[in-house]
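Reader: I would like to go through the labels on this model one by one. For each, please set the value against the cut-off that was used.

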Amino acid sequence: MLIKRLVTGIVLMLFAAGPVLAMDTYVIDKAHSSVGFSVKHLVISKVKGTLDDVSATVTYDEKDITKSSVNVVIQSSSIDTDNERRDNHLRSADFLDIETYPEITFKSKKIEKANEGYVAIGDFTMHGVTKEIALPFTITGTIIDPSGNTKMGVESLITVKRSDYGLTWNQPLEAGGVLVSDEVDIELYLELGKQQ
């Protein structure tokens with residue numbers, strides 16, 4: 001009788017674990033990924049930059065992607081516009097204030113199908129302010145690399161208003177407009193590796 005109960009318990013545990021076992025974990029391949037941004041300067045041009053220290057973990061359900069989740073952590077000190085003076089200003093209290101707010105994060109709450117891709121709805125935190133955003137993304141494919149590792153490509157483009165996160169520093173221009181645009185375009189091109 002005891003053995004029968006044990007066997008029944010093990011079978012029930014395996015069935016309960018089924019959905020969990022179906023999930024795969026992918027992490028970012030930093031050498032083959034990039035997070036970029038661009039903002040308008042003087043109204044007439046764009047300045048581009050990157051955020052170079054990014055960690056991302058995706059819990060992925062291949063059979064039902066809407067059951068997946070994503071967690072991204074960016075070190076705000078890693079901002080790079082190829083101009084040391086400007087980068088130091090962006091790291092200062094006028095902008096990111098990296099001493100007080102060292103990380104920029106996104107954590108999904110749910111994922112929905114949208115047209116040809118998907119949307120991850122979740123909390124985006126920057127400069128100590130958290131807001132729910134809808135992050136559209138496309139899975140560009142999965143492939144086995146020459147070393148036998150499973151890789152997945154993900155792309156995302158989104159525009160956020162920096163003023164929504166307390167980043168309001170600016171200078172008015174005599175001809176009208178401001179020195180730096182409120183809108184920031186963010187581009188993510190990620191290569192993720194499946195964990196064994």
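Reader: Which residue is the bridge partner of His 41 in β3?

Author: Ser 45 is the bridge partner of His 41 in β3. This is a predicted model, in which local features need pLDDT of at least 70 and side-chain atom pairs count only at pLDDT 80 or more, while totals for chains, interfaces and linings use all residues. Residues are numbered from 1 along each chain as its sequence is written, and side-chain values use heavy atoms, with hydrogens and water left out.

Reader: Why is Leu 42 called partly exposed?

Author: Buried means under 20% relative accessible area, exposed means over 50%, and partly exposed is in between (1.4 Å probe, protein chains only). Leu 42 has a relative accessible area of 36%, so it is partly exposed. Leu 42 lies in the loop between β2 (34-41) and β3 (45-51).

Reader: Which residues form a nonpolar patch with Leu 42?

Author: Val 43 and Ile 44 form the surface patch with Leu 42, and together the three have about 290 Å² of accessible area. Patches are made of residues with over 30% relative accessible area and no salt bridge; like charges are joined within 9 Å, and nonpolar side chains (Val, Leu, Ile, Met, Phe, Trp, Tyr) within 5 Å. The areas come from the Shrake-Rupley method with a 1.4 Å probe, and for residues only the protein chains shown count as cover.

Reader: What makes Lys 46 and Asp 185 a salt bridge?

Author: The definition asks for a side-chain nitrogen of Lys or Arg within 4 Å of a carboxyl oxygen of Asp or Glu. The closest N and O atoms of Lys 46 and Asp 185 are 3.0 Å apart, so the pair qualifies. Lys 46 is in strand β3 and Asp 185 in strand β11, 139 residues apart.

Reader: How do you know that Lys 109 is exposed?

Author: Lys 109 has 51% relative accessibility, so it counts as exposed. Glu 132 is likewise exposed, with a relative accessible area of 51%. The side chains of Lys 109 and Glu 132 meet in a salt bridge (3.0 Å, N to O). Lys 109 lies in strand β7 (residues 103-114) and Glu 132 in strand β9 (residues 129-144), so the pair ties together parts that are 23 residues apart in sequence.

Reader: What makes the link between Thr 125 and Thr 130 a polar contact?

Author: The side chains of Thr 125 and Thr 130 come to 2.6 Å. A polar contact is a pair of N or O atoms within 3.5 Å; within protein, one must be able to donate a hydrogen and the other to accept it, and residues adjacent in sequence count only if both atoms are side-chain atoms. Thr 125 is found in strand β8 (residues 117-126).

Key:
Helix = DSSP H or I, 4+ residues; strand = E, 2+ residues; numbered from the N terminus. Pairing = 2+ DSSP bridges.
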